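Look over the sequence and the fold before reading on.

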Amino acid sequence: MSEEKTFDLIIIGSGPGGYVAAIRGAQLGLKTAIIEKDENLGGTCLNVGCIPSKALLHSTEMYHFAGHGAEAHGIDLTNLSISIEKLMAKKSKTVDQLRGGVQHLMKANKIKVFSGLGMLAGDRKVRIKEKNDETMLTGKHIIVATGSTSIELPFLEFDGKTVVSSDQAIAFDKIPERLAVVGAGAIGLELGSVWARLGSQVDVIEFLPAIAPSFDKDVSKMAERLFKKQGLNFHLKTKVTGLKKSKGKSILTAEKDGKEIEFEADKVLVAVGRKPYTDRLGLDVVGIETDDKGRIPVDIHFKTSADGVYAIGDVIPGPMLAHKAEEEGVACVERIAGQAGHVNYKVIPNVIYTEPEIASVGQTEAMLKEAGIDFKSGKFNLAGNGRAIATDATDGFVKVTACRKTDKILGVQVIAKSGSELIASAVTHMEYGGSAEDLGRTIHAHPTLSEAMKEAALAVDGNAIHST
């Protein structure tokens, strides 16, 4: 079957970048279509990434509190148990609710949804293949928003059973006795935390000398110490080499200091990063060449080398973050509509949703030193915060770094309960070029964890009130 339809805007991919771009396009009066190859809208983030992992993190945090912290509050919980079936059902309910929300938004904004594999066909056309059917769309503007997929190691190929990606690690039907996690970044730490709380022996193997390596060293060091207390075993400066079978058991092999070490594992989660998803997209048909990392080059308006074709999100350079993709989707569509869409890449927050959470925005101290920028820093420990003491959240700190000459905030690092929420105030001040003094003199409600941000900003010039 062949069918042709014409739209002002066609978006390939319905993840956070794609569906947000579609909504903004519809708001601006563009006749909009969105194409999704998978069964559900929402992309990796909603279906097998951000949302289900956060649901599992929340559920297992409550379980961990019930088993390790409730008694100190006078809460008697005897015969504590966990049902993996119900745990996964709760996660699925959360995902289903949000799937329904995205579908409703498409309908409410009169966005035409097409199911199937969308491929660039040239001359501003997109071919959609679904089973034996084919639909041809024509669009004045086409946005590629196909996201990313887990990186597979050549010596650890995914089999979906023993060697898994995060897609499978959020859906185990039973608690693995031994879980080996390759990579100590966001995905490895988050899902490692989930299964450690449920009783798995978790070994995290990291090639680099620190966990959460994109954060400041003091943040990584504290995170390692805290997560060890939670049951995660870290093996740093260790290179994974392969997987073998021995007496019916799976053995992950690795090297450290020239010596081979082994990890018995029921499951091996490979969490070494993600790569752009551009397979079967028809880039060659329109003459688009990817860079050495498989990303699509774009200009400041998100235009590719092909006329009328744009790209956003994980398929273009920059951090692979859902909120980055959303902002790019809005900015790209606004540019198409003749408005001044813009993304400030200097203030994109980065978060690891462990407990405590790790969050940052702006430049790290290492980056500032490398750039030769003279800076000053202020730190405030949560142990001095009243709300933290009252809610058993004293692990962690907030650090604010500012230009020594101008006092402009250059970076903020947080390791704290609800760190993902705390970082927002720093992003706000940095968006308008605010100073540490601006942040320090902003009134924060008392008692709140957010006061730690205020105190850290005051500490930049040695003026913190609640620390010595």
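The S-S bond of cysteine 45 and cysteine 50 has a torsion of about -125°, so this disulfide is left-handed. Keep in mind that the model is predicted. A search of the whole structure finds one disulfide.

**The disulfide**

- A disulfide is a covalent bond that joins the sulfur atoms of two cysteines.
- In the pair cysteine 45 and cysteine 50, the sulfur atoms lie 2.4 Å apart.
- Cysteine 45 is buried, with a relative accessible area of 15%.
- Cysteine 50 is partly exposed, and its relative accessible area is 30%.

**Other cysteines**

- Cysteine 332 is buried, with a relative accessible area of 0%.
- Cysteine 403 is buried too, at 14% relative accessible area.

**Arginine 197**

- Arginine 197 sits in helix α6, which covers residues 186–197.
- Is arginine 197 buried or exposed? Arginine 197 is buried, because its relative accessible area is 8% and buried means under 20%.
- The side chain of arginine 197 makes a polar contact with the side chain of threonine 60, at 3.0 Å.
- Leaving aside residues up to four places away in sequence, arginine 197 touches Leu57, Thr60, Glu61, Tyr63, His64, Gln230, Thr354 and Glu355.

Conventions
Residues numbered from 1 in each chain as written. Predicted model: local features only at pLDDT ≥ 70, side-chain atom pairs only at ≥ 80, totals over all residues. Heavy atoms only, no water. Helix = DSSP H or I, 4+ residues; strand = E, 2+ residues; numbered from the N terminus. Buried < 20%, exposed > 50% of the residue type's maximum accessible area, 1.4 Å probe, protein only. Polar contact = N/O pair within 3.5 Å; in protein donor to acceptor, adjacent residues only side chain to side chain. Contact = heavy atoms within 4.5 Å. Disulfide = S-S within 2.5 Å.
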